[in-house]
Amino acid sequence: MPPAAILRRAFNGGTVAPTTVPWTYIVSTGLALVILLWIAQFLNFEAIRALDFSVVYEYRYAFLRAVGTTFAITTFAMVVGFAVAVVFAVLIIQGIWPARWLVIAYVEVWRNTPLVVQLFWVHFALPTVTGISTTAVQSGVIAITMQSSAYLTDIARAGIQAVPKGQYEAATALGLPAWSRWFDVILPQAIRIIIPPLASLAIGFFKASAILSLLSVGELMTQTKNIAFYTHKPIEVMTFAGLIYWVLGYSFGTATYKLERFLGSDQRGVR
């Protein structure tokens, strides 16, 4: 029985089973109130009342463009990174030497170094070493795409290897060519397994795109910093940007959870 129903029943004179007395909920609620009161004594309510969030509405179109740019960068990084990751995963699984070892080295380097370092490698070290220069946007997109491909390679490899070996053997026994075995039999099943972790990774890269503000790429954090600088209202602007990240992250997370449940029920239905 839910705690609210138990309390309502107790106040209405009903009987409550001894094992369902919500002492734990009463204690936890009291503890939460004590903590909130303790925090409240440190708050400066005059400063809080002085906050002016009207600046957020004034720059609403700039925020919208920034969110669109962040979406575009994240989507491009995930789509291209996933395509590269599938090819790399197949090379690793097939054990084609030396491509396998080169891919493993690529994955280990880009997965185990910070994105901010990779960003500076692409934007500052690459022109020095090769003479090829890129704009700030191009450098940001290249860095985040390469790191996403490294993470997605591991996810794609795990998804492909999760496909039962009987599927490989059946496709081979039917005499299907290699192209058809992979694109008609193996990869469709692997992608169904890969989608939930891929969606979770996309949420992580959406938030990680804030690092691109170091090069003023034009995504959400860059525009937030610019608006905060021009309006001299960093608390309001940064708080609103955090709210945007939270709302979108929470929405993506909820959608991912529903997608996982849908795919899980769908797979159980197939069985």
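This is a predicted model: local features need pLDDT of at least 70, side-chain atom pairs count only at pLDDT 80 or more; totals for chains, interfaces and linings use all residues.
**Note on the salt bridges, a nonpolar patch and a helix pair**

1. Glu108 counts as partly exposed, because its relative accessibility is 36%. Residues are numbered from 1 along each chain as its sequence is written, and side-chain values use heavy atoms, with hydrogens and water left out.

2. Side chains of opposite charge can pair when their charged atoms come close. A salt bridge here is a side-chain nitrogen of Lys or Arg within 4 Å of a carboxyl oxygen of Asp or Glu. How many salt bridges does a search of the whole structure find? It finds three.

3. Start with Glu108 and Arg111. Their closest N and O atoms are 3.1 Å apart. Both residues lie in helix H6 (residues 99–111), three residues apart, about one turn of the helix. Helices are DSSP runs (H or I, at least four residues), numbered from the N terminus.

4. Arg111 also meets Asp154 in a salt bridge, at 2.8 Å from N to O. Arg111 lies in H6 and Asp154 in helix H8 (residues 136–161), so this pair ties together parts that are 43 residues apart in sequence. Asp154 is partly exposed, at 28% relative accessible area.

5. Asp154 also forms a salt bridge with Arg157, at 2.9 Å from N to O. These two both lie in H8, three residues apart, about one turn of the helix. Arg157 is partly exposed, at 25%. Shared partners join Glu108, Arg111, Asp154 and Arg157 into one network of salt bridges.

6. Now the surface. Leu31, Ile35, Trp38, Ile39, Phe42, Leu43, Phe45 and Ile48 form a nonpolar patch with about 830 Å² of accessible area together. Helices H2 (23–40) and H3 (45–50) each give two or more residues to the patch. H2 gives the largest share, four residues. Leu43 sits in the loop between H2 and H3. Leu43 is partly exposed, at 42% relative accessibility. Patch residues have over 30% relative accessible area and no salt bridge; nonpolar side chains (Val, Leu, Ile, Met, Phe, Trp, Tyr) are joined within 5 Å, like charges within 9 Å. Areas come from the Shrake-Rupley method with a 1.4 Å probe; for residues, only the protein chains shown count as cover.

How values were computed: Buried means under 20% relative accessible area, exposed over 50%, partly exposed in between (1.4 Å probe, protein chains only).
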